[in-house]
Amino acid sequence: MTETPSSESVPWQPAAFPADPAAARQLREWLDDTSYALHGVGHDFRGADLTNGEFPGAWLIDAVLTGVKLANVCLYRADLTGADLTGANLVDADLVRAKLDRAVLRSARLDGADMVKASLHDVDASGASLRGTRIMGASLYDVDLRGADLTDAVLFHNTFRVTMDDTTLVRGLTGTVLGPVTVVSGEGSRDVSGADLEAWISARGGEVQVIPPQRRVQ
């Protein structure tokens with residue numbers, strides 16, 4: 001019998017490199033030696049298709065990732081502080097322990113993403129899609145979720161100081177959170193917590209338990 005020659009696995013390559021020459025060069029240099037984390041601080045990755053890429057621990061502080069295809073990527077422990085991810089495709093992305101403080105996630109797609117223990121402080125996620133996203137043990141503080149879609153998202157013991165409005169979709173949203181949530185309406189804004197927050201989400205098709213603040217041990 002003739003044996004079929006074994007073929008070595010082909011190293012991952014992006015479907016499209018960034019349009020910016022400096023960012024493309026940085027990415028190519030990293031692909032030649034992936035023994036260290038990708039260093040993309042301040043680089044402009046627009047035009048790139050990085051679907052299925054593995055970027056654990058990547059340094060992407062202040063990077064421009066507007067509209068970049070990042071579906072099913074691994075960004076475990078990546079630092080995306082201040083990154084612009086407007087309209088980026090992060091469907092099914094691994095964002096476990098990722099740092100997204102001051103990032104822009106306007107209209108980004110994070111459906112099915114894993115955001116366990118991620119940090120999101122002072123983040124604009126208005127209009128973002130987080131359908132079925134796992135947000136567990138994460139810290140969301142001063143996050144704008146107006147117009148966002150959290151359908152079927154799963155929460156668990158998150159700091160959840162976020163802003164929502166009547167266009168924020170929470171149908172099927174489940175889990176536990178620490179509030180309060182700022183709700184914006186035509187009458188202005190108000191902080192909603194405890195049973196009132198549970199009722200507000202329940203009226204919109206979700207079922208979330210709000211954990212009361214823990215008392216300090218004297």
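Is Asp 149 buried or exposed? I looked it up: Asp 149 counts as buried, at 13% relative accessibility. Buried means under 20% relative accessible area, exposed over 50%, and partly exposed in between, with a 1.4 Å probe and protein chains only.

I note that this is a predicted model, where local features need pLDDT of at least 70, side-chain atom pairs count only at pLDDT 80 or more, and totals for chains, interfaces and linings use all residues. Residues are numbered from 1 along each chain as its sequence is written, and side-chain values use heavy atoms, with hydrogens and water left out.

Salt bridges. I searched the whole structure and found six, a salt bridge being a side-chain nitrogen of Lys or Arg within 4 Å of a carboxyl oxygen of Asp or Glu. Among them, Asp 149 pairs with Arg 131 at 2.9 Å, N to O. Arg 131 lies in the loop between β1 and β2 and Asp 149 in the loop between β3 (139-144) and β4 (154-165), so the pair ties together parts 18 residues apart in sequence. I took strands (E, at least two residues) and helices (H or I, at least four) as DSSP runs, numbered from the N terminus. Arg 131 is partly exposed at 40%.

I also looked up Arg 46 and Asp 44, whose side chains meet in a salt bridge at 2.6 Å, N to O. Arg 46 is partly exposed at 44%, whereas Asp 44 is buried at 18%.

Asp 79. I located Asp 79 in the loop between α1 (21-32) and β1 (119-124). Asp 79 is buried, with a relative accessible area of 16%.
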